[in-house]
Amino acid sequence: MIITRLPSFLQRFFSPMRPRVTKPQFSHLWSLVLAIVINLRDAKLVHLSALTPAGGHRTRRGAFLGRSDWDAPALVERAGFDLLRSMRPRAGEVIHLILDDNRIAKRGSKMAWVSKIWDHKQQRFVRGHIVLFAAILFRGVVLPWRVELWKPKGQTGGPRYRKLTHMAAAMVRAFVPPADGMKVRVLFDAFYLCPIVTKACQSRGFTFFSVAARGRCFTTDNRKRRKIAALMPGLIRHKGRGVRMRRSRGRVATLRIAAIDGHLSRIGRVRMVVSKRPRGPWTKCIAIVTNETGLGARQVVEVYERRWLIEVLFKELAQDLGLGDYQMLQKDGIVHHLHVCCLAHLLLTHQSIERLGAQARKADEQVEMPPMSQRLAELRSRTARDHVLKLVKGPEHARLRKKLCDYLIAA
């Protein structure tokens, strides 16, 4: 499918971006975002440019990503908040801010900010980038909000070196709920459970939920200070209760959980919930901590389970939208590619929310989003129909239009 113009049904999503970029930049922007969505190969510039030849040679797209001056983070943030406002959030509703980093392996020796990193998937060290993400979860809809490329220590150029925890804390402090009176819960893993991140949450009036490492010290209310790993067996055996609950991956599981209040080292007063499969090994037992001490054990586990949705977001961005397919050497080109992929994800979510209509605007109601494969197929189909309708007009050519649409979608 060759894209020659912006489809009319996508005007509502891209129109707010026009004042923030120049006319040539806007042409490159919408064509790249749309090309990523309809592309069936790797999201490399040579493939994306072939889908939108009106934008010129692929080197022009590379210049737009690598050397053009436009505020990509502001566009992603604006698009995300426009989607949130279309869902009409109310005071008293809960919104989740999820923090996590994604590791992208890259072999380019001259690529900016590449360093030796630990790849959790391959369980070995590789060269690549670490990208910190902040995603918004509201009524079951996940929206990428902020993306920052981590600069390794000792690299020249660009801003000063910052730890990932400092970057995460800055994201927490910068987050503003879309409506007054909303309750914000921040979810992250054990790496970000540190004073600088938790203090950022508390300074903004947010609550946090995280897994605590088994080696951390926990002081109970009766002044007993022990490591979490040593506390787990006694809590499960003497205070644990069995519950059946639906996990974030959709399966129903039986868990044994127990809650205790106390003081976590370097963090402060928290409620700790220990969770374990009845027949699972003790090494798989986890401890979830939160400063929202009024919640029950089951509620704490249910809230933290939602952190898994950012892993789903990473999978959708990487497998379907080419998050790690960039080939630019410059830091700005890499960052712009990451944000264009996030805009493509927001575009697909925008189309799904528009089709749901009033169902997505019901307060405290979870929105059932279609799977990514279905969202991609629907947008590709609508784009094909829009282009065929402009080429072949008139009621007498209805059968021809249908055949052309079928051929385009099949191709």
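Where does lysine 106 lie? The points below take up that residue and then several others in this predicted model.

1. **Lysine 106, position.** Lysine 106 sits in a loop, with strand E1 (94–105) on one side and strand E2 (115–119) on the other. Setting aside residues within four places in sequence, lysine 106 has contacts with Met111, Val114, Arg127, Gly128, His129, Gly324, Asp325 and Tyr326.

2. **Lysine 106, charge.** Lysine 106 is buried but makes no salt bridge. Aspartate 325 is the nearest side chain of opposite charge, and the distance is 5.9 Å. The side chain of lysine 106 does have a polar atom 2.8 Å from the backbone oxygen of tyrosine 326.

3. **Arginine 139, surroundings.** Arginine 139 is in the loop that runs between strand E3 (124–138) and strand E4 (141–149). Its relative accessibility is 4%, and the limit for buried is under 20%, so arginine 139 counts as buried. The side chain of arginine 139 also reaches the backbone oxygen of alanine 360, at 3.0 Å.

4. **Arginine 139 and glutamate 93.** Side chains of opposite charge can pair when their charged atoms come close. Glutamate 93 and arginine 139 form a salt bridge, with 2.8 Å between the closest N and O atoms. This pair links distant parts of the chain: glutamate 93 is in the loop between helix H5 (72–86) and E1, arginine 139 is in the loop between E3 and E4, and the two are 46 residues apart. Both glutamate 93 and arginine 139 are buried.

5. **Glutamate 292 and lysine 183.** A salt bridge joins glutamate 292 to lysine 183, and the closest N and O atoms are 2.6 Å apart. The pair links distant parts of the chain, 109 residues apart: glutamate 292 is in the loop between strand E12 (286–290) and helix H9 (297–305), while lysine 183 is in strand E5 (residues 183–188). Are the two partners buried or exposed? Glutamate 292 has 9% relative accessibility and counts as buried, whereas lysine 183, at 35%, counts as partly exposed.

6. **Glutamate 292, other neighbours.** Beyond its neighbours within four places in sequence, glutamate 292 is in contact with Lys183, Arg185, Thr207 and Phe209. With arginine 185 there is a polar contact between side chains, at 2.9 Å. Cysteine 217 is 75 residues from glutamate 292 in sequence, and their C-alpha atoms are 19 Å apart in space.

7. **Aspartate 261 and arginine 271.** These two residues form a salt bridge in which the closest N and O atoms are 2.7 Å apart. Aspartate 261 and arginine 271 are both buried.

8. **Salt bridges as a whole.** How many salt bridges does a search of the whole structure find? The search finds 17. Salt bridges also link Arg78, Asp82 and Arg85 in a network.

9. **The nonpolar core.** The largest nonpolar core contains 136 residues, and Phe14 and Met272 have the most contacts inside it. Helix H11 (residues 331–356) gives the most to this core, with 12 residues.

10. **Phenylalanine 14.** This residue is found in helix H1 (residues 11–14). Phenylalanine 14 counts as buried because its relative accessibility is 0%. Apart from neighbours within four places in sequence, phenylalanine 14 touches Leu6, Phe26, Trp30, Val33 and Leu347. Leucine 75 is 61 residues from phenylalanine 14 in sequence, and the C-alpha to C-alpha distance is 9.8 Å.

11. **Helix H2.** Does the length of H2 agree or disagree with what its residues should span? H2 (residues 23–38) has 16 residues, and at 1.5 Å a residue they should span 22 Å. The end C-alpha atoms are 23 Å apart, which agrees. Of the 16 residues in H2, 13 are buried, so the helix is largely enclosed by the rest of the structure.

Key: Residues numbered from 1 in each chain as written. Predicted model: local features only at pLDDT ≥ 70, side-chain atom pairs only at ≥ 80, totals over all residues. Heavy atoms only, no water. Helix = DSSP H or I, 4+ residues; strand = E, 2+ residues; numbered from the N terminus. Buried < 20%, exposed > 50% of the residue type's maximum accessible area, 1.4 Å probe, protein only. Lys, Arg positive; Asp, Glu negative; His and termini not counted. Salt bridge = Lys/Arg side-chain N within 4 Å of Asp/Glu carboxyl O. Polar contact = N/O pair within 3.5 Å; in protein donor to acceptor, adjacent residues only side chain to side chain. Contact = heavy atoms within 4.5 Å. Expected span 1.5 Å × (residues − 1). Core = buried A, V, L, I, M, F, W, Y, C linked by side-chain atoms within 4.5 Å.
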